[in-house]
Amino acid sequence: MNRILIISLVFLVGLVSCKNSEKTIDKLQIAENYFMALDESNSTIMEDLLADSLITTIPQYEYEVRYSKDDYLGNWLKWDSVFEPTYKVLEMNMENGSVKAKVSKSDKRIIFFMGKPFVTNEILRFKDDKIIELETEYINFEEETWGKNRTELLNWTKENHPELNLDLNINMQTESGGKQLLKAIERYETEK
């Protein structure tokens with residue numbers, strides 16, 4: 001009787017260990033798929049990874065935005081795609097039930113404003129195997145360089161292409177806002 005109990009207990013512990021291991025692998029796979037979807041600007045893949053609402057935060061700048069899934073896919077992802085981003089996961093691991101990833105992101109906007117890719121630490125939090133929160137920590141953000149280039153672009157655009165209304169569009173994270181910003185960057189680079 002004791003032997004059957006011990007064997008059953010060992011089997012149960014093994015089964016629970018495998019199940020927890022699968023959850024870890026699932027969350028890492030979900031995070032990997034998330035960054036792949038960002039890199040490809042693929043809303044179809046992204047849709048399956050996100051909860052119905054999503055919180056994005058950058059604590060060092062006291063920034064928080066709450067998105068519905070539709071708003072994130074229909075506005076933010078389309079805005080991001082305008083600049084033709086490249087996301088590279090440099091490191092990724094599980095930490096306290098969340099996925100922590102070190103990521104490099106490059107796109108036309110970032111290269112214009114900062115001259116090199118962003119490197120960030122991203123924490124992805126989950127509920128029911130869906131991403132519910134993204135927390136970003138910038139590792140190499142050069143605020144002074146970004147601000148100087150942003151101000152120069154805004155001033156140049158006001159003077160040379162006021163029809164772009166860049167003051168209104170520079171922070172608008174929609175596809176049309178992104179297109180206006182990209183148009184201003186491209187004109188600045190070719191005409192200046």
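Q: Which residue in S6 does threonine 56 stand opposite?
A: In this predicted model, S1 covers residues 50–58 and S6 covers residues 130–138. The two strands pair in the parallel sense over four bridges. In that pairing, the residue opposite threonine 56 is leucine 134.

Q: Which residue in S2 stands opposite threonine 56?
A: S1 is joined to S2 (residues 63–68) by six bridges, and these two strands run antiparallel. Threonine 56 has leucine 134 opposite in S6. In S2, the residue opposite threonine 56 is valine 65.

Q: Is strand S1 largely enclosed by the rest of the structure or largely open, and how many of its residues are buried?
A: A residue counts as buried under 20% relative accessible area. S1 has nine residues, and it is largely enclosed by the rest of the structure because the number of them that are buried is seven.

Q: Which residue in the turn between S1 and S2 has a positive phi?
A: S1 and S2 run antiparallel. They form a hairpin with four residues between the strands. The turn residue with a positive phi, of about 50 degrees, is glutamate 62.

Q: What is the order of the strands in the open sheet?
A: The sheet has six strands and mixed pairing. S2 and S3 are the edge strands, since each pairs on one side only. Neighbouring strands are turned by 20 degrees against each other on average, direction ignored. The order is S2-S1-S6-S5-S4-S3.

Q: How many bridges join S3 to S4?
A: S3 spans residues 86–95 and S4 spans residues 98–106. The two strands run antiparallel, and asparagine 93 stands opposite lysine 100 in S4. The number of bridges joining them is nine.

Q: Which residue takes a positive phi in the hairpin of S3 and S4?
A: This hairpin has two residues between the strands. A phi near 55 degrees is found there. The residue that takes it is asparagine 96.

Q: Which residue in S5 is the bridge partner of lysine 100?
A: S4 pairs with S5 (residues 118–127) in the antiparallel sense over seven bridges. Within S5, valine 119 is the bridge partner of serine 104. For lysine 100, the bridge partner in S5 is isoleucine 123.

Q: At what angle do H3 and H7 pack, and how are they oriented?
A: H3 covers residues 69–82 and H7 covers residues 175–191, with their axes 7 Å apart. The angle between them is about 20 degrees. Angles under 35 degrees count as roughly parallel, so H3 and H7 are roughly parallel.

Q: Which residues of H7 meet those of H3?
A: H3 passes H7 in a right-handed crossing. The residues of this contact divide into three nonpolar, two polar and three charged. From H3 come Asn75, Lys78, Trp79 and Val82, and from H7 come Glu175, Gly178, Lys179 and Leu182.

Q: Is leucine 49 buried or exposed?
A: Leucine 49 sits in the loop between H2 and S1. Its relative accessibility is 7%, and the limit for a buried residue is under 20%. Leucine 49 therefore counts as buried.

Q: What separation do the C-alpha atoms of leucine 49 and isoleucine 131 have?
A: Leucine 49 touches Ile30, Asn33, Tyr34, Lys130 and Ile131, leaving aside residues up to four places away in sequence. Leucine 49 and isoleucine 131 are 82 residues apart along the chain. Their C-alpha atoms are separated by 6.1 Å.

Q: What is the relative accessible area of serine 41?
A: Serine 41 lies in the loop between H1 (2–40) and H2 (43–47). Its phi is positive, about 50 degrees, although serine 41 is not a glycine. Most residues other than glycine have a negative phi. Serine 41 is partly exposed, with a relative accessible area of 25%.

Q: Where is aspartate 129 found?
A: Aspartate 129 has a positive phi of about 60 degrees although it is not a glycine. Aspartate 129 is partly exposed, at 25% relative accessible area. Its place is the loop between S5 and S6.

Q: How many helices and strands does the protein have?
A: From the N terminus, the elements run α-α-β-β-α-β-β-α-β-β-α-α-α. Of the 192 residues, 38% are buried. The secondary structure comes to seven helices and six strands.

Notes
Residues are numbered from 1 along each chain as its sequence is written. This is a predicted model: local features need pLDDT of at least 70, side-chain atom pairs count only at pLDDT 80 or more; totals for chains, interfaces and linings use all residues. Side-chain values use heavy atoms; hydrogens and water are left out. Two strands pair if DSSP finds at least two bridges between them. Axes are lines fitted to C-alpha atoms, for helices over the stretch in contact, and angles run from 0 to 180 degrees between N-to-C directions. Angles under 35 degrees count as roughly parallel, over 145 as roughly antiparallel, 65 to 115 as roughly perpendicular and the rest as oblique. A crossing is left-handed if the near helix is turned anticlockwise from the far one by less than a right angle, and right-handed if clockwise. Contact means heavy atoms within 4.5 Å. Ala, Val, Leu, Ile, Met, Phe, Trp, Tyr, Cys and Pro count as nonpolar, Asp, Glu, Lys and Arg as charged, and the others, Gly among them, as polar. Buried means under 20% relative accessible area, exposed over 50%, partly exposed in between (1.4 Å probe, protein chains only).
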